[in-house]
Structures are given as C-alpha cells and as structure tokens.
Amino acid sequence: MKTEKTYTDDHQVKLKTEIESDLVEQFKRRAARQIARSTRIPGFRPGKAPYNMVLSYVGEDRIFQESIDLLVEDIYPKILDSEEINPWGPGSFDNIASEDPLVLEFTVPLDPEVELKGTDELNKPYELKPVTDGEVEEFVLSMRRNYANIVPVSTPASEGNVVYMTVEAVDKNAEPGKDAVIIKSSPQQTLIPTVEESRATEWPYEGFAREFIGKKEADTFTLEHTYPEETDSADFAGKTVQFNVNLQSVKALELPELDEEFLKNSGGFSSVEDLHAGVHEHLESKKREEYDDVYYLDLVDSLRQSSIIKYPPQMLKAEEEEVLHRIEHDLEHRNLNLDLYLKLRKLDRDQFNEEEVKPTAKNRIERSLVMDAITKKYEIKISNEELESEVSSVVNNLIASGEFAEAQKSLGTKKFSESVSMQAANQALENSIHRKLRELADPDYVIEIKAPETAESTTEETSVEPAEKE
C-alpha cells in the first residue's frame with residue numbers, strides 16, 4: 001500500500017491510500033463468501049456457492065461495495081500503524097478516489113498537541129488577604145438573621161429591614177415591535193444591607209436594596225440601571241433597564257441573643273469565642289478556595305494565550321455535547337428542560353450553542369490540555385502520602401454532606417472505592433500542578449504541604465493523568 005498524507009489546519013490528516021490489485025481481489029472473494037452465507041442462491045447451501053456464481057447472481061457492484069467495507073475495516077488500523085499516526089478518535093472513510101487502481105481517502109483526527117510557552121514569564125504574586133474580625137462579625141450577624149423573628153413595621157424601610165415587593169424589568173431602548181419586558185412583574189424580597197455589606201453580586205445590581213431606604217409600604221416607584229456588555233446576567237447585558245417596583249411590605253428582624261441555645265443550634269459551639277474561631281476557620285477556607293480558583297485559572301489562561309495548542313474539531317464537538325449534557329442534567333434538578341430554559345432567556349438553540357456551549361467547551365479542553373502539558377514538562381507526580389490525604393478528605397466531605405452511605409449503596413463497595421480513589425488522585429494531581437504554577441509565578445512564596453495523619457507513611461510517587469479543568 002502507498003499512502004499520501006496531507007495535514008490540515010484543523011489538526012487532521014487526509015490520507016489517500018492506493019491498494020494493490022491482488023489485495024482488492026482477495027477482499028472481493030471474501031465479500032462474495034460473506035454474501036453467499038446471507039443470500040439464498042438456488043442450487044447451493046448457504047456459503048457454498050462459488051465466486052463466479054455469486055458474481056452472476058448479485059452483480060459486481062454489490063460484491064465491490066461489500067469488499068470495500070471489509071477492506072476499510074481491515075487496512076485502516078494498518079495504515080495508521082505504518083504511517084505512525086496517533087489518532088484522537090475514530091477517523092472517517094471519505095471517498096473512493098479511483099477504482100483502477102483502487103485509491104481510498106480517509107480523514108483522521110489527530111491527538112492534541114501542546115507546545116507550552118510562557119512558563120518563564122509567569123509573574124503573579126500569591127496575595128491571599130486574611131480574614132478580618134469585621135468579616136467574622138458580619139457572618140455571625142447573617143447567622144443570627146437566619147434565626148431571627150420577622151415582624152411587620154409601619155416605619156420607612158431602613159438598614160437591616162426585609163422588604164417585600166413585585167418587580168418588573170423593562171428594556172428602555174427595546175427595538176420597535178419587540179417585547180420590551182425582560183422580566184414580568186413577579187414577587188421578590190431582599191434584605192437592605194449596610195454599605196459595608198453591599199456586594200457586587202447583588203441582584204439585579206449592586207445598591208438595588210439600598211434604594212428602598214426611606215420608602216414605605218404601598219409605595220410605587222421606578223429605578224433605572226445601565227448594564228455593561230460584560231455582565232453576569234445575559235438578559236440585562238448592554239441594556240438600560242427600568243425596574244417598576246411596588247413595595248408591598250416592610251419587616252424588621254428581631255435577632256436572637258448569642259446564648260447557649262443559639263450556639264448549640266449553630267453547630268454545637270461551647271462559647272462565643274469558639275463560635276468566632278469556627279467562623280474564622282470557615283471563612284478562611286472559603287476565601288482561600290475562591291482566591292485559588294481565580295489565581296490558578298488566571299495562570300493557566302495566561303499559558304493558554306502564549307502556548308500553541310492544537311486539537312481536532314471532533315474533540316471540540318464531543319466536549320460541546322458533554323457540556324450540553326451537564327447543563328441539561330443541572331436543569332432537571334431545577335425542574336426545567338432546555339427548551340423551556342432557552343424560551344425564558346429568549347434564545348434559540350443555535351445561538352445558545354454558539355455563544356455559551358462552544359466557548360465553555362473550548363475553555364475546558366484548552367485548560368485541560370495546558371494542565372496536562374505542565375504535568376508532562378515538569379514530570380509532576382503525587383506521593384502516596386498526598387494521595388492518602390486526599391482520600392481522607394474526599395471521604396470526610398462525603399460524611400459531612402450526608403452522602404457517604406447513599407453513594408456507597410448506589411455504587412457498590414468496589415466501584416465506590418474506585419470512584420473515591422480516582423477523585424482523590426485527580427485532586428492530588430491538581431494540587432501538585434498548582435504548587436508548580438505558584439512556584440513559577442511567585443517563587444518567593446513558601447508553600448506548606450500537609451502530610452496525612454498516619455502512623456507510618458511512604459514517599460513513593462504515583463503517576464496519574466490530570467483531571468479536566470472547568
């Protein structure tokens with residue numbers, strides 16, 4: 001066989017393979033025997049008719065077409081092997097370019113490649129801000145609010161009050177003929193925060209709740225806000241939105257005292273000091289997790305921009321399907337389906353795929369490939385100690401969430417153990433990659449590696465594949 005290779009810009013290779021005539025003849029006869037086994041030919045038992053009789057009975061075209069199917073199945077892996085091609089996934093048989101000599105054409109998606117660049121230029125100090133006493137007090141206040149009694153008031157709304165209302169959102173600059181209503185009038189409620197408690201994530205915009213200060217029950221008024229093109233809410237992006245508000249009631253919160261009952265209900269704390277220490281630890285862990293998510297994602301994305309990443313379109317398509325499957329799965333838990341979700345957002349499926357699904361899939365693939373490249377370049381491995389530590393962490397999290405027994409029951413002991421081990425290995429490897437990234441980006445930062453609390457431990461290393469990155 002002689003094969004001509006043409007590499008394409010989308011990381012595939014086109015193959016044009018010429019097949020020897022004697023091999024073609026061999027597969028024609030194999031096809032004829034297969035046809036003879038499945039076709040009743042008068043005067044012969046199944047599979048016993050000679051080649052010429054089968055040829056006369058079914059015709060040369062059918063024998064030729066079935067011989068091509070058998071030939072492709074047989075020679076395709078041999079072509080890949082002889083041409084030293086590493087495919088990402090199944091290729092496609094495209095065409096018969098010629099029948100004499102027989103020339104077959106294939107398209108093969110290639111395994112992804114990453115030329116990692118920019119590691120020497122990474123520069124991002126690790127600057128995690130400590131938890132302040134004010135943040136602890138604010139969190140304790142939110143805990144007290146969760147247990148507060150809600151009582152109506154006749155005075156104007158003020159900080160700390162809960163206001164109940166209906167809100168309608170209207171696009172002030174809607175195109176003629178298009179429905180200007182973004183959100184139909186619907187009931188909402190919100191707590192009026194202090195200035196210090198205000199958050200950029202507040203719905204529908206930061207400062208919305210504080211607009212109610214001084215307003216009274218039964219007041220109606222409008223609020224206006226112009227959103228940037230880049231905003232968390234796709235419905236509001238780039239629009240000037242008028243909110244029509246009907247304030248239905250104002251209520252105050254009667255906060256519970258920090259007494260023994262409150263401490264017990266809040267997690268079994270023995271004292272106010274113990275409560276503050278527990279909250280501080282919780283906030284510290286949450287703040288570190290949120291900071292790390294942004295910090296490491298920025299580093300990976302920086303390497304994405306400077307590196308050369310190649311992968312075939314089939315890989316992106318498969319990831320798009322996986323992303324869409326996850327979205328549909330999440331919607332099921334919210335008692336929604338994709339069609340209804342898109343209708344509520346006023347999007348069609350093609351627009352949704354192009355604007356949201358495809359970019360998400362692209363990010364996931366490229367970040368995962370960069371992580372994989374870092375692992376290979378720096379020969380990152382995880383020790384048994386780290387793996388054991390992560391296994392303990394996964395199990396403890398399952399126990400704390402109340403999902404341990406159910407997961408073990410639904411998966412079975414063996415699959416449950418395998419699932420925990422795989423999750424722990426992925427997390428341990430990700431932690432090791434993060435340490436390498438931090439070492440590159442901020443070499444002055446001292447990284448503490450916690451060892452598991454075991455009587456004996458080894459320092460053997462384990463090689464594992466990196467997990468996909470969101």
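Trainee: What span does helix H3 (residues 60-82) have, and what span is expected?

Mentor: H3 reaches 31 Å from its first C-alpha to its last, close to the expected 33 Å for its 23 residues. The expected value is 1.5 Å times one less than the number of residues. This is a predicted model, where local features need pLDDT of at least 70 and side-chain atom pairs 80 or more, while totals for chains, interfaces and linings use all residues. Numbering starts from 1 along each chain as its sequence is written, and side-chain values use heavy atoms, leaving out hydrogens and water.

Trainee: Where does H3 bend, and by how much?

Mentor: At Ile 75, by about 35 degrees, and Pro 77 follows within four residues. The bend is the angle between axes fitted to the seven residues ending there and the seven starting there.

Trainee: Which residues of H3 are buried?

Mentor: Among them are Ile 63, Phe 64, Leu 71, Ile 75 and Leu 80. Buried means under 20% relative accessible area, exposed over 50%, and partly exposed in between, with a 1.4 Å probe and protein chains only. The buried residues of H3 pack against strands E1 (2-7), E2 (12-19), E3 and E4, and against helices H1 (21-38) and H2 (51-58). Contact here means heavy atoms within 4.5 Å.

Trainee: How do you know whether Glu 379 is buried or exposed?

Mentor: Its relative accessible area is 62%, so Glu 379 is exposed. You'll find Glu 379 in the loop between helix H9 (349-377) and strand E12 (382-383), and its phi is positive, near 50 degrees.

Trainee: What is the omega of the cis peptide bond from Asp 100 to Pro 101?

Mentor: Near 0 degrees. Pro 101 is in the loop between strand E3 (92-99) and strand E4 (102-109).

Trainee: Which residue is joined to Pro 204 by a cis bond?

Mentor: Trp 203, with omega about -5 degrees. Pro 204 lies in the loop between strand E8 (181-191) and strand E9 (220-226).

Technical notes:
Helix = DSSP H or I, 4+ residues; strand = E, 2+ residues; numbered from the N terminus.
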